[in-house]
Amino acid sequence: MRILVTGVAGFIGYHLAMRLLAGGHDVVGIDNLNDYYDVQLKRDRLASIQAAPQAAQFSFHKQDLADAAGLSAIFAKYGFSHVVNMAAQAGVRYSLQNPASYIDSNLVGFANLLECCRKHSPEHLVFASSSSVYGLNAARPYSTRQNVDHPVSLYAATKKSGELMAHSYSHLFGLPCTGLRFFTVYGPWGRPDMALGLFTNAILAGKPIKVFNNGRLRRDFTYIDDIVEGVARIMGRPAAPDPDFDPAAPDPATSSAPWRIYNIGNSQTVELGDFIATLEDALGKKAICEMLPMQPGDVESTWADVGDFARAADFSPATPLKTGIEAYVRWHRDYYGNRAVHDN
């Protein structure tokens, strides 16, 4: 395969590129290297790819998806067999501060990518969605067969919009599209703005960690290796029309078009206190907890129903939280030492 990975300097994009290169594929990566978090971490991820044994199969272009002409030129040059979109403006809380960046990347940028796919017809477009789309849904576990029309953040709204945009292109142009709703991804090379990075940073610095909703939060934490294995498997299985799709009672997860939506999660919901205790054990140091109320745009719990994905990909994430956190701590100590994670 010749595969385009967008957001290749990001957390998931980096790991996916390494997995695909190890599998013998040619990978072209693009990223705009924005400064939402430490740009040096992104550059170091790229350096790690470029130092890999299969580096000759990798090409990198600094490119923003919102630049339609630049993106189109890359598609014309390479002729991709598969496209995997991991580029996005991430973060729920940041969407309250800088909403325009979410529009530019997650809507305008994704629309440009869809247009390039329409013109160049890759075998399969796989794109990252998010568990955030479930919003106000109270039913657990979250199922792709549930309605998700009540997001509680602009970030979530843009991710839901991306699913709808992909469906329209799939319906109109026969473009096979698969959207993957990721559930709280963590692991080595992880984003410093996420809970694991923030907590590790604060605990090592002897500072309080911010524990929202007074600790009454639960998350379906999913280890990065499980995520990229799932993506790699589903890539080679292009979405197909659902022969049982009933327009009188439409299933939100499928379509008469070659379009599917899946959850990828660990299928377990972990209380925040247990997550913190596991991290304390891995670090050998206790946390100072500052209990705070719920944040705007957040949800109390996430929990993935991955039955459909497990059947489609013949794979289900199962890395224990303890194993994943210990792997992250080993990487953190190798990359940062025992110093705090740097800001931009």
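The structure is a predicted model, in which local features need pLDDT of at least 70 and side-chain atom pairs count only at pLDDT 80 or more, while totals for chains, interfaces and linings use all residues. Residues are numbered from 1 along each chain as its sequence is written, and side-chain values use heavy atoms, with hydrogens and water left out.

A pair of aromatic rings is described by the distance of the centres and the angle of the planes. Rings of Phe, Tyr and Trp (its six-membered ring) pair if their centres lie within 6.5 Å, and planes under 30 degrees apart count as stacked, over 60 as edge-to-face and the rest as tilted. A search of the whole structure finds 23 aromatic pairs. The planes of Tyr36 and Tyr94 stand at 50 degrees with the ring centres 4.9 Å apart, so this pair is tilted. Because Tyr36 lies in the loop between β2 (26-31) and α2 (39-50) and Tyr94 in helix α4 (residues 94-97), the pair ties together parts that are 58 residues apart in sequence; helices (H or I, at least four residues) and strands (E, at least two) are DSSP runs, numbered from the N terminus. Tyr94 is partly exposed, at a relative accessible area of 25%. The rings of Tyr134 and Tyr142, by contrast, have centres 4.2 Å apart and planes at 5 degrees, so that pair is stacked.

## Charges over rings

The charged end of Lys42 sits over the ring of Tyr37, 4.6 Å from its centre, where sitting over a ring requires NZ of Lys or CZ of Arg to be within 6 Å of the ring centre and within 35 degrees of the ring normal. Arg118 places its charged end over the ring of Phe173, at 5.2 Å from the ring centre.

## A buried glutamine in a loop

Where is Gln63 found? Gln63 belongs to the loop between β3 (58-62) and α3 (68-78), and with a relative accessible area of 11% it is buried. Leaving aside neighbours within four places in sequence, Gln63 is in contact (heavy atoms within 4.5 Å) with residues including Ile30, Asp31 and Asn32, as well as Gly70, Leu71 and Ile74.

Notes:
Buried < 20%, exposed > 50% of the residue type's maximum accessible area, 1.4 Å probe, protein only.
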